[in-house]
Amino acid sequence: MNRDDLGGCHEVFQRTIAEKVTCTGIGLHSGAPVELSLHPARAGTGIVFERIDGAYPIEIPARPELVASTRYATTVGRGQGTICTVEHLLAACYGLGIDNLRVEVNGPEVPVMDGSAASFVYLIRQAGIFEQEAPRRVLRVREPIEVRDGAKRIRVEPARGLTISYTVDFAHGAIGRQSVHDLALVNGTFEAEVSRARTFGFLHEVEALWRAGLARGGSLENTVVLDQAGVMNPEGLRWPDEFVRHKVLDLMGDLALLGMPLEGTISVERGGHALHHELVNALAQRAVAWSVIEGDTRRLREPGLRAPAPVSA
Ligand code: ZN
């Protein structure tokens, strides 16, 4: 196998960040300040969250079996420790090819920042990306898997690299039916086309959440809010189809729970976190449907070729 055999996943080596970085924001649900710090992690560790605000730290690896809830956001948990709204940070990790990371959080949720993955991309770029000694592993889909739930549908088919097609269909005039077709997640596509798309909600839903004591940190600073007249945010949208782009962002964050990059073509109709996780679980449970491909590092170890070092990619 050579570098080309890895298809769209061009990194042959696992990656982490070069140094610790920290940011502070508010939790979407609590409305309370929360500090997030990202730390380099050893090869083979995966992405591991850690609640550090209790009597002792609680480690929660980003794995499908530790998903505690998919209502409004993705929550991971272990025992008494849960961390909510992990998907936008995980999407940034997936999009930048970060395999190993320790994520310390001093509260019950990852800060919402601007409702997209842009702040996390910036943070990881600030830290620098570090190529590690170990070969990267990729989950290559071998046979199609489809999950349906009424008009909702998600399907993955064998392919090289990750390609996503996504359609949303909302009765609201500002959204309507929006699609992205065959978006190949290579060469900075995630950063340029997806990472800045913000989460969105409808005013009547947001008000219902507030009455239920949820989304207390939600505001026009971190959510695109729609009322009957249209988009309430004074600055408007970042793209006319920002809504479906955010759905792609959410999907990438949920796919990150597989623990390695996916090679396959995914198509989604009217999806959301619950449907994304049905696919992740179906994949996790059907090992015959995929195989793990390991990056062949020998060719890159030849004299004159670049050794693992901090990379600015
Ligand atoms: Zn989201």
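Student: Before we start, what does buried mean here?
Tutor: Buried means under 20% relative accessible area, exposed means over 50%, and partly exposed lies in between, with a 1.4 Å probe and protein chains only. This is a predicted model, where local features need pLDDT of at least 70, side-chain atom pairs count only at pLDDT 80 or more, and totals for chains, interfaces and linings use all residues. Residues are numbered from 1 along each chain as its sequence is written, and side-chain values use heavy atoms, leaving out hydrogens and water.
Student: Is Phe-243 buried or exposed?
Tutor: Phe-243 is buried, because its relative accessible area is 1%.
Student: Which residue forms an aromatic pair with Phe-243?
Tutor: Phe-200 does, in an edge-to-face pair with 5.0 Å centre to centre and 90 degrees between the planes. Rings of Phe, Tyr and Trp (its six-membered ring) pair if their centres lie within 6.5 Å; planes under 30 degrees apart are stacked, over 60 edge-to-face, and the rest tilted.
Student: And why is Phe-200 counted as buried?
Tutor: Because its relative accessible area is 17%.
Student: How many aromatic pairs does the structure hold?
Tutor: There are 3 aromatic pairs. In one of them, Phe-170 and Phe-202 have ring centres 5.7 Å apart and planes at 50 degrees, so this pair is tilted.
Student: Which residues form the aromatic cluster?
Tutor: Phe-170, Phe-200, Phe-202 and Phe-243 form one cluster. Within that group, Phe-170 is partly exposed at 25% relative accessibility, whereas Phe-202 is buried at 11%.
Student: Changing topic, where does the charged end of Arg-196 sit?
Tutor: It sits over the ring of Trp-239, 5.5 Å from the ring centre. The criterion is NZ of Lys or CZ of Arg within 6 Å of the ring centre and within 35 degrees of the ring normal.
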